[in-house]
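Please open the model in a viewer and keep the selection panel at hand.

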Amino acid sequence: MLSAQLLAGIRSRAAEYDRANAFFTEDLAELVTAGYLRALVPTRFGGLGRTLAQTVGDQTRLAAHAPATALAVNMHLIWTAVAASLHAQGDHSLDFLLEEAGRGEIFAFGVSEPGNDLVLFGSQTDAHPQPDGGYRFTGTKVFTSLSPAWTRLGTLGLDSSNPDDPAIVWAFLEKADAGIRSTDDWNTLGMRASQSQSTVLERALARPDRVVRRLPVGPNGDPLVAGVFANFEILLSAVYTGIGARALELAVEGAQRRTSLKNDGRTHAQDPVARWRVGDLVIAMDGIYPQIDALARAVDERSFLLGPAWFAQLSGLKYRATQNAKFVVDTAVQVAGGSAYSATSELARLYRDVLAGFFHPSDADSAHATAAASVLGPLDVPTS
């Protein structure tokens, strides 16, 4: 799916994108040409029909070459994965997405909002119903990856027109329509090439045929919501695991390059402490790959049961994968030595990029709460 030549070109541009805080325009063009954005789209819709497990491997490799490129592309892949999964279940509510993705439209993820820790189960964006069944959305979405390039935005908002029946509305907007603008506010520590700018919605219209769900406020097991959560957590874990994989490679290179006067000029690859650290990284990385693969295959094969245990496994995977990647990068910096502290070093960039993993849902608090609830039951809430 991703040739060595394609990946080498992508890696060669990553540092400059990061330095200039520029979007990965050339990377995206080459990935589109290779058909990568159609990977998860079924063949009947003009896609490649790849599985989530296959795409997880591809995303891990892509992230090892350019983390920000992989992270941004992830958001499009999530939507195509959800749509393909629903289609396979006989739910055709997102078939239009598969048709449009097969024709080259690029989908972005417009869910995160400032101060909204309910994420999928609540919204501060107003979704105002229209007489024909459409909705107008007003609010601000943050971390909208692919901002310079996306053409479609999957989003949600709160319909509070009936106080006795508030609902979360899921719909898709077209960037070319009025009432949608991206703000040039992406100047972050890491993942800079993703250009995950804020998106301001000002009565942006979702046509009736692009309104795909009207759900109760709060947790629910709707297949669309469950699909978003599962594919988001798994594909995100793949990206950060790719960062860990590259950090391990750089640690090995550093150990083989550095020499020590204390050890008669031999390389650090012959130093017991450095070897122990590199061994620790190998063990850490070997442990995360099977976890991601197992959950991806469970989604492909629908061999899971919706419930507390499934959601705990997904949020736990994301937490472990991002924590694991951070550990690997931290240790790789120690193995590589002072050269890694240079602002121009690849490890320094990975050190900054990997920090973004802490901010994606599920965060540490949410993952632990979900895991505890899966075995202890829900938290008692005082009634008075």
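How many residues lie between β2 and β3 in their hairpin? Select the hairpin: five residues lie between the two strands, and Gly 133 in the turn has a positive phi of about 100°. The model is predicted, so local features need pLDDT of at least 70 and side-chain atom pairs pLDDT 80 or more, whereas totals for chains, interfaces and linings use all residues. Residues are numbered from 1 along each chain as its sequence is written, and side-chain values use heavy atoms, without hydrogens and water.

Strands β2 (residues 126-129) and β3 (residues 135-144) pair in the antiparallel sense over four bridges; pairing requires at least two DSSP bridges. Helices (H or I, at least four residues) and strands (E, at least two) are DSSP runs, numbered from the N terminus. Within the pair, His 128 stands opposite Arg 136 in β3.

Next, select helix α1 (residues 4-20). Just after α1, Asn 21 takes a positive phi of about 55°.

Finally, colour domain 1 (4-106) and domain 2 (109-216), whose bounds come from an automatic or database domain assignment. In contact (heavy atoms within 4.5 Å) are 26 residues of domain 1 and 22 residues of domain 2. In domain 1, Asn 21, Trp 79 and Ile 106 lose the most area to domain 2.

Key. Buried area = accessible area lost by both parts, 1.4 Å probe.
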